[in-house]
Amino acid sequence: MTHRTLAVVSAGLSQPSSTRLLADQLAAATRDELVRRGSEVELHVVDLREYAHDVVNNMLTGFPPTALREAIDAVTGADGVIAVTPIFSASYNGLFKSFFDVLDSESLIDRPVLIGATGGTARHSLALEHAVRPMFAYLRSVVVPTAVFAAPEDWADGTADGALRARILRGAGELADQIERRPPAKGPADPFALTTDFLQMLGGGPDAPVS
């Protein structure tokens, strides 16, 4: 059985949060689809409201506090990422953008990503295409075709209605497809790992004799 990790990033600010609710339903659908295909799935939920001060401190100092470092590692070391933001002023909120700003610019290259958003009206749904998708395209992630937007009328007693549920399942299936095409993730890259041979660093080249 293949072990897979799935990072779920929610930028909702309120409690309870419709953004977190959507993130949880996307995560559950993706996990269920991967399990159905024979994978063992480990979920890592990153609720950004818990790291708001740490994200600001990281932006000011360039160094993440321990808790934020663990959250960053969970995202950059996952097989796939689900990223959900509330829509403020026709775009993602500042906390969502700031978190991805503090990641290494190459940490999500070729990483499968399913994007989602919530808003007060369905008119905000295009923000996923003109704001969220381009951000992950800049990070060179592989964003699945289906983006999932949920407006208040899409929820019925805290559960997704028919149309929203169909979008959730379609996006989850697309994310599972992308994850399955890749070998299991090896975790976050070690920022202190040597990328060249020690002799090459000294200018001796790969065939230089060792004295």
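1. The exposed residues His53 and Leu60 sit on the face of helix H2 that is turned away from its buried side. Here exposed means over 50% relative accessible area, buried means under 20%, and partly exposed lies in between (1.4 Å probe, protein chains only). Helices (H or I, at least four residues) and strands (E, at least two) are DSSP runs, numbered from the N terminus.

2. This is a predicted model, in which local features need pLDDT of at least 70 and side-chain atom pairs count only at pLDDT 80 or more, while totals for chains, interfaces and linings use all residues. Residues are numbered from 1 along each chain as its sequence is written, and side-chain values use heavy atoms, with hydrogens and water left out.

3. Which residues of H2 are buried? H2 spans residues 52-61, and its buried residues are Asp54, Val55 and Asn58. They lie on the same side of H2 because they cover an arc of only 100 degrees around the axis. That arc is taken from the directions from the helix axis to the C-beta atoms.

4. Contact means heavy atoms within 4.5 Å. Just after H2 comes Gly62, with a positive phi of about 85 degrees.

5. Now the whole protein. Its secondary structure comes to 7 helices and 9 strands. Of its 211 residues, 48% count as buried. Take the contacts with a separation of 6 or more: residues 24 or more positions apart account for 79% of them. The accessible surface comes to about 10,900 Å², and 54% of that belongs to carbon and sulfur atoms. Accessible areas come from the Shrake-Rupley method with a 1.4 Å probe; for residues, only the protein chains shown count as cover.

6. Strand S5 (residues 112-118) is mostly covered, with 7 of its 7 residues buried. Look at both sides of S5. Pro112, Leu114, Gly116 and Thr118 point one way, while Val113, Ile115 and Ala117 point the other way. All of them are buried.

7. Which strands pair with S5? Strand S3 (residues 80-88) runs parallel to S5, joined by 6 bridges. Gly116 in S5 is the bridge partner of Val84. Strand S6 (residues 142-143) is also parallel to S5, with 2 bridges. There, Val113 stands opposite Val143. Strand S7 (residues 148-150) pairs with S5 in the parallel sense over 3 bridges. Thr118 has Ala150 in S7 as its bridge partner. Two strands pair if DSSP finds at least two bridges between them.

8. The largest nonpolar core has 37 residues. Val75, Phe96, Phe99, Phe100 and Phe136 touch the most other members. The elements giving two or more residues to this core are S1, H3, S3, H4, S5 and helix H5 (127-138). H5 gives the most, with 6 residues. A nonpolar core is a set of buried Ala, Val, Leu, Ile, Met, Phe, Trp, Tyr and Cys residues joined through side-chain atoms within 4.5 Å. In soluble globular proteins, nonpolar side chains tend to be buried together.

9. Not counting residues up to four places away in sequence, Val75 touches Ala7, Val9, Val46, Val81, Phe99, Leu103, Leu108 and Arg111. Apart from the core in point 8 lies another core, of 23 residues, among them Leu6, Leu22, Leu164 and Ile168.

10. Is Asn93 buried or exposed? Asn93 is buried, with a relative accessible area of 2%. This residue sits in the loop between strand S4 (91-92) and H4. Its side chain reaches the backbone oxygen of Ala11 at 2.9 Å. Leaving aside neighbours within four places in sequence, the contacts of Asn93 are Ala11, Leu13, Thr85, Pro86 and Phe88.

11. Ser10 lies in strand S1 (residues 2-10) and is buried, with a relative accessible area of 0%. Not counting residues up to four places away in sequence, Ser10 touches Thr19, Arg20, Ala23, Val46, Asp47, Leu48 and Val84. Ser91 is found in strand S4. Ser91 is buried, with a relative accessible area of 18%. Leaving aside neighbours within four places in sequence, Ser91 is in contact with Pro86, Ala127 and Ala131. The C-alpha atoms of Ser91 and Ala117 are separated by 9.6 Å, and these residues are 26 residues apart along the chain.

Terms used
A polar contact is a pair of N or O atoms within 3.5 Å; within protein, one must be able to donate a hydrogen and the other to accept it, and residues adjacent in sequence count only if both atoms are side-chain atoms.
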